[in-house]
Amino acid sequence: MTPANEWIKITKVENLPLREGRPVKLGGVEIALFNLGDRFVAVENQCPHQGGPLCDGIVSGLHVVCPLHGWKFDLESGAPVQASSPNCIATFPTRVNDGVVQVNLAGGSRIEPEETAD
Amino acid sequence: MQRLIVVGNGMAGVACVEQILNHAPKFGITIFGDETHTNYNRILLSCVLAGEKSLDEITLHPVEWYQANQITLRLGVRVVDVDAERKAVIADDGTVTGFDKLLLATGSSPLIPRITGADREGVFTFRNIEDARGLLERSRRGAKAVVIGGGLLGLEAARGLQVQGCDVTVVHLMDTLMERQLDAIGGAYLTRKMESLGIRVLLGRSTSAILGNGHVEGVEFNDGEQIPADFVVIAAGIRPNVGLARRAGLTVNRGIVVNDHMETSNPDIFAVGECVEHQGTCYGLIAPLLEQGKVLAATITGNRGPVYRGTVEASRLKIMGVDVFSAGDFREAPAGQEVRTETVRYEDSSVGIYKKLVLAGSRLKGVILVGDTAESHRYMEWVRTGADLSKQRQRLLFPEPAEDAGLDVAQMPSSETICGCHGVTKEQIIHAIHARNVNTLAQLKECTRASTGCGSCTNLCEQLLRAVAPRFEEDSKTTLCACFPFSYERLREILLSQKLRSVQEVLNVYGNRKGCEVCKPAVSYLLDMIWCGGHEEDRSARFINDRVHANIQKDGTFSVVPRIRGGVTSPGELRRIADVAERYNVPMLKITGSQRIDLLGVNKADLPKIWADLGMPSGQAYTKGVRMVKTCVGSDFCRFGVQDSTSAGIELERRLENLYTPHKVKMGAVGCPRNCAEATVKDIGLVGQEGSWQVVVGGAAGKKVRRADLLITVVTTEEALQAALLFFQYYRENANYLERTYDFVERVGIEKVRKDTVYAVSTEKEKLLDRLKRSKALARDAWLEREAPVHPTQFVQIEPMENILT
Ligand code: SRM
Ligand SMILES: Cc1cc2nc3c(=O)[nH]c(=O)nc-3n(C[C@H](O)[C@H](O)[C@H](O)COP(=O)(O)OP(=O)(O)OC[C@H]3O[C@@H](n4cnc5c(N)ncnc54)[C@H](O)[C@@H]3O)c2cc1C
Ligand code: SF4
Ligand code: FES
């Protein structure tokens, strides 16, 4: 067990197929971990619309599309892509060490929608 | 009647004959062509190589055209000599044919630079259909191709080969690609663009040898550097074919010399096309050759009058996504010289746009456009007419802000040429629209030939049609999504002729490399259909349902619908379903509207175990694929039943299950017209009659209610199944993605559907069924992935290696 403010070892890189996401439960949060080919990104696994599992969405470049009703989010900033969906998702820093993907929950951030408003 | 012999069945010769046919007097015409194909659009060979067109599609004149115009066609026969005195041509089949007038339209041949080994097996040129065929046969995935020559032809060949999967290097003698059409900066932009497509470009390399032992193994440059090659394409320029003209005693320089009336030095012998030299220029593009042909047609028929005064050449690169246009003379004259030039330039390297206009006084002399060629027509017109631009100086590089869509074409003068290939002006198009009642682009093409050359004026033609035609109809096309610049239909045509097997490859070559939730599943489907199941499956391109073979629900759980063929089950199956429902605490067990049983609210991780415990195949209730065949009890039990609909339905389901379709396919089989299993509102229905079956298609009772159309009435059950299979495969191959049969049949029309399926010639039917059979042979029950998942973590929630303290 590791304190929440440190890097947490999640899984071997080969467990995350290219351009797909996988869910991981860390303490009380569920995150979605994606393999974008040149790097891994982590976001909260809950769509702000109706809670859809983002890990199951289709990856389109840097975006993920929620499988339930198609809201789209930027995986780097967590910002919604369509103007009609005002809410952001939280994103978490990741790194790879020794073939293992690590996530830092404490470094997570959620930009406020106002910041992206214009 | 005077005898006219034409040597050369190519683009310029036949176009000129077409013009001659418009004039009196009439000739008895014989055309010799040493190629075996009837007249075709040579320009489009690039598109054939890139898989955008098939060889059949580039024919310009089929045999029937020659017959209808009483032209004697001698295909595959080469004229080897001309006896100018006795006025006869001698062909390689030994025949001697007399003429009153002779027209030489022999075109040109690829120039082969002096390179050792240029005769090795595996060295190609790119000029005719045989070359294109040879290259297509040769290009395998990963094969190393070296193209010698970085001009228009070389670059188009390179892109074509790359699309075919080859690993391509372009070797160019000069430091600038297309140096005859571009300046150094423009060339650098083009080089970057080609490289970004994945084509290697080597500049300033002089090839000294093609290496290998018998067949090609590599290429050596004169500095000693060597690169490997499996085959080589030489595209280093062309040389006019003037041999016959020399033998006939005509004046010949580089080409056959003609005057402004298109006359050679012999009053009975004429020449047109690439073999001709006019005022010191030999042209290598189609537009000037067609102009020459018009003048020549008047001269040769004794209507001497029109003159040819040369043409400003305009070139356009035909590579999708690489926009390059160049026209006129773009050389800048330094200050102090007699004609001073000024240059107006714009560039933005981040988006790859470079534009340069060279003006002399207030007139446009030359233009180069890279990355954005939208305004090319305007510039071409300015160069051609020498228009005074002093009033436009402020916004030369930018279009007038258009308030309405028709403004672009409204601003063009009537005499402006819209189709450069066939020299069709705005005026002529408007005339055709009214006189020939033209309402679609297809009709316009047919009656004016506009946009049937290189196709770059298609947009303008469409705009003009939209503005003028009383009942304009768009040719069906809707872009799939923003990731691909063309319609789904177009994409299907392209992929059909491609060797691309994975979604990501298609995105890299034809799309924006990213893809989205719309195109990824669509392309996945296309590849599966085209390769009959032999594509490279990419699960990241699939909707979640197709990654885990279950339907996602509002809380992220899934539903499981096993296949219950024809709705007929057994006590054993029911018991297993009941056990599974208990064992996994399935929240709801429900009889569906499709005569099956649904286990709802299942966790992803439980799916493989549930499938194993059920021991039943997937019902494909989550995908665009074969759902079910609903059946009624039929003649086995029902007192009205006249056909065994239960067995027929189960058999139909067996033959089609596990296949994927543009949208879901639901079927029904009923034993009599009472229609208890609703076959007449299904995608495919079998309706039993006394002594026959009606096969109906395109029915619906979902968002829309539509009674299915009758496809055919047949006697035996096997015939009914065959008809259903034919329609099924036809729908698979021709419908747009996400188009249900009820929309498809309505769009195509049931008459055409019948013509192409049940009434098609038996060889076509066999082909359809054969492709279906090949797909079926590779189709497997998706739920078998429980034993061999595509990826080890396909169904699991990842367990972190360490968790956090809470
Ligand atoms: C389970 C079922 C309802 C039931 O409880 O009976 C059902 C459930 C769903 N239907 Fe249906 N349809 C079901 C029979 C039907 C029928 C009746 C039939 O098949 O005879 C129809 C009308 C016939 C037809 O298909 O046109 C039907 C017309 C639709 C439509 C409208 C299609 C249309 O183009 O008209 C949709 C939406 C769509 O496909 O775009 C749809 C979509 C759906 C989806 C898949 C919505 C979705 O994307 O999540 C529902 C999934 C629920 C879930 O969470 O699993 N369902 N649906 C039935 C499953 C049948 C099966 O065993 O496979
Ligand atoms: C791949 C490719 C792409 C091109 N792209 C473009 C483009 O985008 N835009 C453009 O404007 N131009 C383009 N061109 C050039 C254009 O195709 C030619 O300018 C045009 O075809 C020349 O017409 P022609 O009739 O003079 O010669 P050809 O079309 O070559 O016709 C001459 C015919 O005569 C035959 N022949 C020669 N000698 C004899 C003989 N002794 N007996 C019998 N038959 C004989 C030849 O086999 C040939 O079939 C392209 C050319 C190629 C190869
Ligand atoms: S009708 Fe079909 S799509 Fe609509 S709620 Fe019912 S199951 Fe879902
Ligand atoms: S829950 Fe994600 S879009 Fe509705």
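The model is predicted.

**Extent and make-up of the interface**

- The size of an interface is often expressed as the accessible area that is lost when the parts come together.
- On the residue level, chain A brings 38 residues to the contact and chain B brings 35 residues.
- A count of residue pairs in polar contact between chain A and chain B, both residues being at pLDDT 80 or more, gives 16.
- On the side of chain A that touches chain B, at least two residues come from each of β1 (7–12), β2 (21–26) and β5 (58–60) of chain A.
- Of these elements, β1(A) provides the largest share of that side, namely six residues.
- Sorted by class, the side of chain A that touches chain B holds 21 nonpolar, seven polar and ten charged residues.

**Salt bridges between the chains**

- Four salt bridges are found across the interface of chain A and chain B.
- A:Lys72 and B:Glu517 form a salt bridge, in which the closest N and O atoms are 3.4 Å apart.

**Surroundings of ligand 1**

- Ligand 1 is surrounded by 23 residues, and the closest are B:Gly593, B:Ser594, B:Lys664, B:Lys703 and B:Tyr742.
- The backbone of B:Gly593 places a polar atom 2.6 Å from an oxygen atom of ligand 1.
- From B:Ser594, a polar side-chain atom lies 2.6 Å from an oxygen atom of ligand 1.
- B:Arg596 likewise has a polar side-chain atom at 2.8 Å from an oxygen atom of ligand 1.
- Two or more residues of the shell around ligand 1 are given by each of β31 (597–602) and β32 (626–631) of chain B.
- By class, the shell around ligand 1 comprises six nonpolar, eight polar and nine charged residues.

**Setting of B:Glu739**

- B:Glu739 is located in the loop between α22 (717–734) and α23 (741–748) of chain B.
- B:Glu739 counts as buried because its relative accessibility is 9%, the cut-off being under 20%.
- A polar atom of the B:Glu739 side chain lies 2.9 Å from the backbone nitrogen of B:Asn736.
- Apart from its neighbours within four places in sequence, B:Glu739 is in contact with B:Pro662, B:His663, B:Tyr731, B:Phe744 and B:Arg747.

Definitions and conventions. Residues numbered from 1 in each chain as written. Chains lettered and ligands numbered in written order. Predicted model: local features only at pLDDT ≥ 70, side-chain atom pairs only at ≥ 80, totals over all residues. Heavy atoms only, no water. Contact = heavy atoms within 4.5 Å. Salt bridge = Lys/Arg side-chain N within 4 Å of Asp/Glu carboxyl O. Polar contact = N/O pair within 3.5 Å; in protein donor to acceptor, adjacent residues only side chain to side chain. Helix = DSSP H or I, 4+ residues; strand = E, 2+ residues; numbered from the N terminus. Nonpolar A, V, L, I, M, F, W, Y, C, P; charged D, E, K, R; others polar. Near = heavy atom within 4 Å. Buried < 20%, exposed > 50% of the residue type's maximum accessible area, 1.4 Å probe, protein only.
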